[in-house]
Amino acid sequence: MSSKVTLPDASQNIYLEMHYKTQAPLSVGIFGTSATNSIGATTYKVTLFPTDSWNKTYINLTNEVKDLRMTDFQVVFRSLLPDSIATATVLIDNIKLLQR
């Protein structure tokens, strides 16, 4: 399930707060659309590396939101399975989008 978020003031700082535990690299980014660009664009900010324990991270998405110049946004996650393993579990929890 995904939902779009409209950011009323893109000049403010935008952070993603989340907990994660992953057996494969996990990329985190943002997808933006607007009334004039319904196809949209995606940009990935960071790749989080595998970890055996839960971690909490804050990802600054301010520049990515400004660079995309869109009005509606969705947080996106991508994990690619390395050749060295056959399966992997990716756990994500407590996702919050903060604007200050």
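Thr 22 is found in strand S2. Strands here are DSSP runs of E with at least two residues, helices are runs of H or I with at least four, and both are numbered from the N terminus. The model is predicted, so local features need pLDDT of at least 70 and side-chain atom pairs count only at pLDDT 80 or more, while totals for chains, interfaces and linings use all residues. Residues are numbered from 1 along each chain as its sequence is written, and side-chain values use heavy atoms, with hydrogens and water left out.

**Thr 22**

Thr 22 is buried, at a relative accessible area of 1%. Buried means under 20% relative accessible area, exposed means over 50%, and partly exposed lies in between, with a 1.4 Å probe and protein chains only. The side chain of Thr 22 reaches the backbone oxygen of Ala 24 at 2.5 Å. That is a polar contact: a pair of N or O atoms within 3.5 Å. Within protein, one atom must be able to donate a hydrogen and the other to accept it, and residues adjacent in sequence count only if both atoms are side-chain atoms.

Thr 22 also touches Phe 49, Pro 50, Thr 51, Thr 89 and Val 90, leaving aside residues up to four places away in sequence. Contact means heavy atoms within 4.5 Å.

**The whole chain**

The secondary structure comes to 1 helix and 7 strands. Along the sequence, the pattern reads β-β-β-β-β-α-β-β. The C-alpha atoms fill a box of roughly 40 × 30 × 25 Å, taken along the principal axes. Of the 100 residues, 31% count as buried.

Take the contacts with a separation of 6 or more: residues 24 or more positions apart account for 78% of them. The chain exposes about 6,400 Å², and carbon and sulfur atoms supply 48% of that area. The area comes from the Shrake-Rupley method with a 1.4 Å probe; for residues, only the protein chains shown count as cover.

Two strands pair if DSSP finds at least two bridges between them. A hairpin joins S3 to S4 through 2 residues.

Another open sheet has 3 strands in the order S5-S2-S7, again with antiparallel pairing. Its edges are strand S5 (55-60) and strand S7 (90-99); each has a single partner strand, so one side of each lacks a neighbour in the sheet. Neighbouring strands of this sheet are turned by 20° against each other on average, direction ignored. The axes behind such angles are lines fitted to C-alpha atoms, for helices over the stretch in contact, and angles run from 0 to 180 degrees between N-to-C directions.

| Strand | Partner | Bridges |
|---|---|---|
| S3 (residues 26-34) | S4 | 8 bridges |
| S2 (residues 14-22) | S5 | 6 bridges |

Single residues show the pairing. Ser 27 has Thr 47 in S4 as its bridge partner. Val 28 has Val 46 in S4. Glu 17 stands opposite Tyr 58 in S5.

**The core and Val 28**

Which residues have the most contacts inside the largest nonpolar core? They are Met 18 and Val 28, in a core of 14 residues. A nonpolar core is a set of buried Ala, Val, Leu, Ile, Met, Phe, Trp, Tyr and Cys residues joined through side-chain atoms within 4.5 Å. S2, S3 and helix H1 (62-68) each supply at least two residues of this core. S2 gives the most, with 4 residues.

Leaving aside residues up to four places away in sequence, Val 28 touches residues including Leu 16, Met 18, Tyr 44, Ile 59 and Val 75. Phe 77 is also among them.

Phe 77 is found in strand S6 (residues 72-79). At 31% relative accessibility, Phe 77 counts as partly exposed. Phe 77 and Val 28 are 49 residues apart in sequence, yet 4.8 Å apart in space, C-alpha to C-alpha. Beyond four places in sequence, Phe 77 touches Met 18, Leu 26, Ser 27, Val 28, Ile 92 and Ile 95.

Pro 82 has its place in the loop between S6 and S7. Pro 82 is partly exposed, with a relative accessible area of 27%. Beyond four places in sequence, Pro 82 touches Ala 24 and Pro 25. Pro 82 and Leu 68 are 14 residues apart along the chain, and their C-alpha atoms are separated by 29 Å.
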